Amino acid sequence: APTQALLQLQLDTFPGYYNDRRPHRALAGRTLLTAFHARQNARPEGLGAAVHHRVRHDRVDQQRRVSLRCLSRLRHICLGRAYAGVPVRLLVANKQVRVIREDGSLLRELVLDPAHDYQPLGAPSGRPRVAHDDVRHVSAMS
């Protein structure tokens, strides 16, 4: 460019040309903008998937667990020896489950593992394990 102003004009127009109008061989002749909008994860997360919420009233059985039908299978959620016979509520949002007492105190929070019918006591893999007594003091659903 013969002048600084003309060079600046060329630099300002280049990104629009490169991204919106120039066909790319690696994208089968599509522009970058077309390829970007064709991707599924180019859209905001959570718009298409509706969350299924439900509340279930139950009582912890003598084996210290509650049962929940989710993802077309019966799941058993282990709680602990101290809760046998305690009335509870299960707050379910898709695979996320919170088990609370009738007074609202949290007994257990977990994400259901679809590979297992019995959900073991403790945090799922990839999340830090929390002592069971500490879980009771977590605040209600956020």
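Val99 is found in strand 5. Strands here are DSSP runs of E with at least two residues, and helices are runs of H or I with at least four, both numbered from the N terminus. The model is predicted, so local features need pLDDT of at least 70 and side-chain atom pairs count only at pLDDT 80 or more, while totals for chains, interfaces and linings use all residues. Residues are numbered from 1 along each chain as its sequence is written, and side-chain values use heavy atoms, with hydrogens and water left out.

Val99 counts as buried, because its relative accessibility is 0%. Buried means under 20% relative accessible area, exposed means over 50%, and partly exposed lies in between (1.4 Å probe, protein chains only). Contacts, defined as heavy atoms within 4.5 Å, were listed for Val99 without residues up to four places away in sequence. Val99 touches Ile77, Leu79, Val88, Arg89, Leu90, Ser105, Leu106, Leu107 and Arg108.

The protein chain contains three helices and seven strands. From the N terminus, the order of elements is α-α-β-β-β-β-β-β-β-α. Of the 142 residues in the protein chain, 22% are buried. Among contacts between residues at least 6 apart in sequence, 42% join residues at least 24 apart. The accessible surface, from the Shrake-Rupley method with a 1.4 Å probe and, for residues, only the protein chains shown as cover, comes to about 10200 Å². Carbon and sulfur atoms account for 54% of this surface.

In soluble globular proteins, nonpolar side chains tend to be buried together. A nonpolar core is defined as a set of buried Ala, Val, Leu, Ile, Met, Phe, Trp, Tyr and Cys residues joined through side-chain atoms within 4.5 Å. The largest such core has 16 residues. Those with the most contacts inside this core are Leu68, Ile77, Val88, Leu90, Val97 and Val99. At least two core residues come from each of strand 2 (65-70), strand 4 (87-93), strand 5 (96-101) and strand 6 (106-111). Ile77 touches Arg64, Arg65, Val66, Leu68, Leu90, Val97, Val99, Arg108, Leu110, Leu112 and Gln119, leaving aside residues up to four places away in sequence.

Arg65 is placed in strand 2. The C-alpha atoms of Arg65 and Ile77 are separated by 5.2 Å, although the two residues are 12 residues apart along the chain. Beyond four places in sequence, Arg65 touches Arg59, Val60, His76, Ile77, Cys78, Leu79 and Tyr118. His76 lies in strand 3 (residues 73-78). His76 counts as buried because its relative accessibility is 12%. Its side chain makes a polar contact with the side chain of Ser67 (2.9 Å). A polar contact is a pair of N or O atoms within 3.5 Å; within protein, one must be able to donate a hydrogen and the other to accept it, and residues adjacent in sequence count only if both atoms are side-chain atoms.

The structure holds four salt bridges, each a side-chain nitrogen of Lys or Arg within 4 Å of a carboxyl oxygen of Asp or Glu. One of them joins the side chains of Arg98 and Glu109 (2.9 Å, N to O). Arg98 lies in strand 5 and Glu109 in strand 6, so this pair ties together parts that are 11 residues apart in sequence. Arg98 is buried, at 10% relative accessible area, whereas Glu109 is partly exposed, at 29%. Arg56 and Asp58 also meet through their side chains (2.7 Å, N to O). Arg56 is partly exposed at 28% relative accessibility, and Asp58 is partly exposed at 23%. Asp61 pairs with Arg65, with the closest N and O atoms 3.5 Å apart.

Phe14, Tyr17 and Tyr18 form a nonpolar patch on the surface, with about 300 Å² of accessible area together. Patches are made of residues with over 30% relative accessible area and no salt bridge; like charges are joined within 9 Å, and nonpolar side chains (Val, Leu, Ile, Met, Phe, Trp, Tyr) within 5 Å. Tyr18 sits in helix 1 (residues 4-21) and is partly exposed at 32% relative accessibility.
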